[in-house]
Amino acid sequence: MKVKPKHQRLVLVVLAAAAMIGAVLLAMWGLQDRAAYFVTPSDIAAGKAAPDKAMRLGGMVEKGSLKRDPDGVTVRFTVSDGKSETPVVFRGITPDLFKEGSGVVAEGRLDPNGLFVADNILAKHDERYMPPQMANEVAAR
Amino acid sequence: MIAEAGLAALWLAAALSALQLALAFGLGGEQGRSLPTIRSVALAQGLLTLLAFGALIAVFLNSDMSVLLVAENSHSEKPWLYKFAGAWGNHEGSMLLWVAVLALSGAVVALFEHRLDERTLGATLGAQAALALGFFAFLLFASNPFERLDPAPLDGRGLNPLLQDPGLAFHPPTLYLGYVGLSVAFSLAVGGLVRGNFGPAIARAMRPWVLAAWVLLTLGITAGSYWAYYELGWGGWWFWDPVENASLMPWLAATALLHSVNVLAARGGLRAWTMMLALIAFSMSMVGTFLVRSGILTSVHSFAVDPTRGTFILALLAIYIGGALTLFAFRIAHVKEGSPFEVVSREGGLVANNLILSVILGVVFVGTLYPLLAEALSGEKLSVGPPYFDSVASPMALVLAVLMMIAPQLKWRRDAAPILPRVAPGLLVAVAVLIASVILAPNIGMLPRFGLAIGAGLLPASLLPLFGRSLKRTPLAIWGMAIAHLGVAVAILGMASDSAFTEERLAAARPGETISIGPWLVEFRNVMPVAGPNWTALEAELRASKGSGALVLNPQSRFFPSPPTTTNEAAIDTSWNGQLYAVLGERDEQGRWQLRLWWKPFVTLIWLGGILIALGGALALVGRMVRERRQRIRGEEAFL
């Protein structure tokens with residue numbers, strides 16, 4: 001197969017364009033059900049959060065709500081945004097600065113009964129840190 | 001005094017970069033005649049920036065609390081290594097490091113680049129000065145590292161304890177050298193586009209910079225991954241955090257560039273594409289800087305900053321990337337076609353490599369920036385994490401690994417001989433491992449299963465290019481390629497093994513209790529208080545034993561008084577076949593301690609692979625430089 005340089009360049013340009021379009025299509029397909037939306041307890045109360053989809057729940061850990069199961073490694077607490085509340089369960093070691101009355105972002109899924117099953121509690125790296133979503137929520141109040 | 005001297009040096013260097021830019025684009029008379037001046041200006045600019053960076057390190061080492069940056073980020077009782085590294089463990093200092101590397105790279109090009117004609121070199125140095133000028137302005141107007149604080153506080157606020165780790169002393173500078181090393185490829189591409197020079201000479205001038213930057217990026221990413229693994233105590237080695245992606249994107253572009261630059265240098269092909277990649281690679285470095293430094297992301301890496309800085313960096317990005325792409329669009333018609341090749345050829349394989357890498361770069365780029373875009377457009381807040389990247393980027397990476405088994409076996413231009421016999425060893429191993437994994441480990445996921453098979457197949461396949469050669473006379477660059485590809489195979493095996501075979505135990509245990517995990521029996525002995533130079537900690541004693549021997553692990557929960565923070569220090573034991581990883585959690589009301597244990601078979605291969613990849617790149621770099629030096633000497637002899 002002999003090709004002229006000019007044709008070869010055209011083929012390469014078309015290939016490069018196809019690859020880029022392919023990448024964008026692939027990315028859009030991937031994003032469709034894999035992007036985790038940030039929700040607040042009010043969103044959940046309003047029925048805006050579908051169960052069994054990856055999401056991030058943000059709010060304050062309600063004072064007096066933090067309880068540990070008898071197995072010693074499962075914690076239950078309530079996340080509140082001042083208007084509504086969502087119960088959360090998490091199995092694992094909580095981040096160092098996770099405590100009642102402070103901000104939290106939990107990654108996980110909502111089960112059909114309205115319990116938020118977290119598979120990750122986002123670590124706060126220092127006392128000045130606040131997730132931007134939280135900062136907005138607090139500022140809005 | 002030192003701080004003022006540093007600031008003065010910065011202003012002078014900025015003025016010199018403006019002068020260099022003006023000289024390079026003809027404001028100082030005839031092109032050829034101004035080159036010696038441009039060279040000395042570039043050198044002076046590099047040295048002044050180095051001086052400013054030295055001044056910053058000095059005020060940190062002296063704990064000069066009258067400097068705002070020191071007061072906010074340091075503490076007089078910190079170990080000296082962290083005072084030193086603390087100089088760049090903050091926004092202003094890290095941007096100064098960035099500019100210092102940028103200016104020094106320009107100085108090195110000015111001093112040592114002899115392959116290019118004067119006009120192209122002049123334009124290249126002009127482009128480098130234009131880049132430096134923007135970042136000098138950013139430092140001086142929006143992030144002055146030498147700002148004074150009056151009155152000076154008695155002591156500083158301290159450095160984030162997570163960052164007080166020997167790894168920090170090396171991780172950011174390594175990454176920055178890599179990021180900014182790509183600026184030279186960018187400037188060379190701009191220089192070539194401006195002067196209409198797209199020949200192999202540009203590629204040869206670009207190659208050492210791309211290789212060096214790529215080696216450092218590889219090391220920086222590998223080190224950062226290991227740092228996150230042992231310091232964050234989550235047992236993971238890659239989180240697809242936007243900041244990690246910010247370093248991965250330039251790496252992907254540089255990987256593509258370093259393959260295409262070889263086609264241009266050796267065969268004169270892929271001209272426009274190589275120029276484009278050179279522009280994109282450094283653009284990705286700048287996008288990474290924007291993501292990390294603008295404060296729009298929250299992670300370990302983003303220091304709290306004000307929004308004007310984000311706007312400033314965004315404006316710089318728009319000017320540089322937009323300008324470069326516009327230049328490309330105008331000059332592309334002047335790029336002549338390179339020499340043709342057939343589909344099945346080394347060039348064909350390298351084009352496929354570039355296309356796949358570009359697709360991976362594209363999906364990582366979209367996934368990383370989509371949340372920012374979605375929030376800006378619709379106000380909706382979301383995050384894109386591992387589920388997305390694992391399902392779109394990882395399979396593409398495996399396709400690329402399959403290509404790596406085949407393409408290095410192909411000949412340049414056209415390859416008419418049957419290919420199957422040449423690639424059979426790798427494919428056979430891959431198929432054998434695939435079948436074995438189905439039989440022996442039926443329950444593992446698709447991605448790790450194919451990872452194991454393809455990684456295992458790539459082990460022999462990566463070494464095949466050395467087969468049948470006299471090993472002594474094989475060029476270092478070929479050794480470099482084989483070792484880097486071997487490193488990819490090793491890293492893939494480590495990743496696949498970690499995700500397929502990792503065992504995890506989470507327990508609340510009383511002293512004296514025993515937990516079994518993998519081949520290990522772990523006895524929880526006790527928890528004792530211990531003290532370090534600027535922290536106190538609770539330290540657990542775990543005795544882990546299996547058949548032959550026993551060892552002791554001491555995970556800690558550390559408390560730092562300034563700033564007041566608690567961190568978990570994981571304890572990790574490395575044996576030949578994996579790592580045992582232990583984290584100590586809290587004590588509950590009944591006197592039980594939370595313990596989290598992982599047994600991670602062959603996880604160390606991930607970072608070993610990263611080191612091999614970097615080693616391969618370093619060998620190729622040395623090989624190319626030695627060979628070019630020899631050719632130059634021979635050329636001079638022939639001339640005489």
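This is a predicted model: local features need pLDDT of at least 70, side-chain atom pairs count only at pLDDT 80 or more; totals for chains, interfaces and linings use all residues.
Is D52(A) buried or exposed? With 10 C-beta neighbours inside 10 Å, D52(A) counts as exposed, because a residue with 12 or fewer such neighbours falls in that class. Chain B holds 17 helices and eleven strands, whereas chain A has three helices and seven strands.

**Chain B as a whole**

- The radius of gyration of chain B is 26 Å, close to the 26 Å that the globule rule gives for 640 residues, so chain B is as compact as a globular protein of that length.
- Of the 640 residues in chain B, 53% are buried.
- Among the contacts in chain B with a separation of 6 or more, 75% are made by residues 24 or more positions apart.

**Domains of chain B**

- Chain B is divided into four parts: domain 1 covers 1–164, domain 2 covers 170–384, domain 3 is made up of 421–498 + 613–640, and domain 4 covers 503–601.
- The centres of domain 2 and domain 3 of chain B, taken over C-alpha atoms, are separated by 23 Å.
- Where these two domains of chain B meet, eight residues of domain 2 are in contact with eight residues of domain 3.
- On the domain 2 side of chain B that touches domain 3, the residues divide into six nonpolar, one polar and one charged.

- Helix α12 of chain B, residues 346–378, has 33 residues and should span 48 Å at 1.5 Å a residue, which agrees with the 46 Å between its end C-alpha atoms.
- Within α12(B) there is a kink of about 40 degrees at Y370(B), shortly before the proline P371(B).
- The residue that follows α12(B) is G379(B), which has a positive phi, near 75 degrees.
- Helix α15 of chain B, residues 446–463, has 18 residues and reaches 26 Å from its first C-alpha to its last, close to the 26 Å expected at 1.5 Å a residue.
- Helix α15(B) is mostly covered, since 14 of its 18 residues are buried.

- A324(B) is placed in helix α11 of chain B, residues 307–331, and is buried, with 23 other C-beta atoms within 10 Å, because the class begins at 20 or more.
- Leaving aside neighbours within four places in sequence, A324(B) is in contact with V190(B) and L279(B).
- A256(B) lies 68 residues from A324(B) along the chain, and the C-alpha atoms of the two are separated by 19 Å.
- I406(B) is found in helix α13 of chain B, residues 386–406, and is partly exposed, with 18 other C-beta atoms within 10 Å.
- When residues up to four places away in sequence are not counted, I406(B) touches G349(B), I419(B) and V423(B).

- S63(B) is not a glycine, yet has a positive phi of about 50 degrees.
- The place of S63(B) is in the loop of chain B between α2 (31–61) and α3 (68–73), and with 19 other C-beta atoms within 10 Å this residue is partly exposed.
- D52(A), although not a glycine, has a positive phi of about 65 degrees.
- In chain A, D52(A) is in the loop between α2 (41–45) and β2 (55–61).

**Chain A as a whole**

- Read along the sequence, the elements of chain A follow the pattern α-β-α-β-β-β-β-β-β-α.
- Of the 141 residues in chain A, 37% are buried.
- Among the contacts in chain A with a separation of 6 or more, residues 24 or more positions apart account for 50%.

Definitions and conventions
Residues are numbered from 1 along each chain as its sequence is written. Chains are lettered from A and ligands numbered from 1 in the order in which they are written. Helices (H or I, at least four residues) and strands (E, at least two) are DSSP runs, numbered from the N terminus. The radius of gyration is taken over C-alpha atoms; the globule rule is 2.2 Å times the number of residues to the power 0.38. Two residues are in contact if their C-beta atoms, placed from the backbone, lie within 7 Å. The expected span of a helix is 1.5 Å times one less than its number of residues. The bend at a residue is the angle between axes fitted to the seven residues ending there and the seven starting there. Domain bounds come from an automatic or database domain assignment. Ala, Val, Leu, Ile, Met, Phe, Trp, Tyr, Cys and Pro count as nonpolar, Asp, Glu, Lys and Arg as charged, and the others, Gly among them, as polar.
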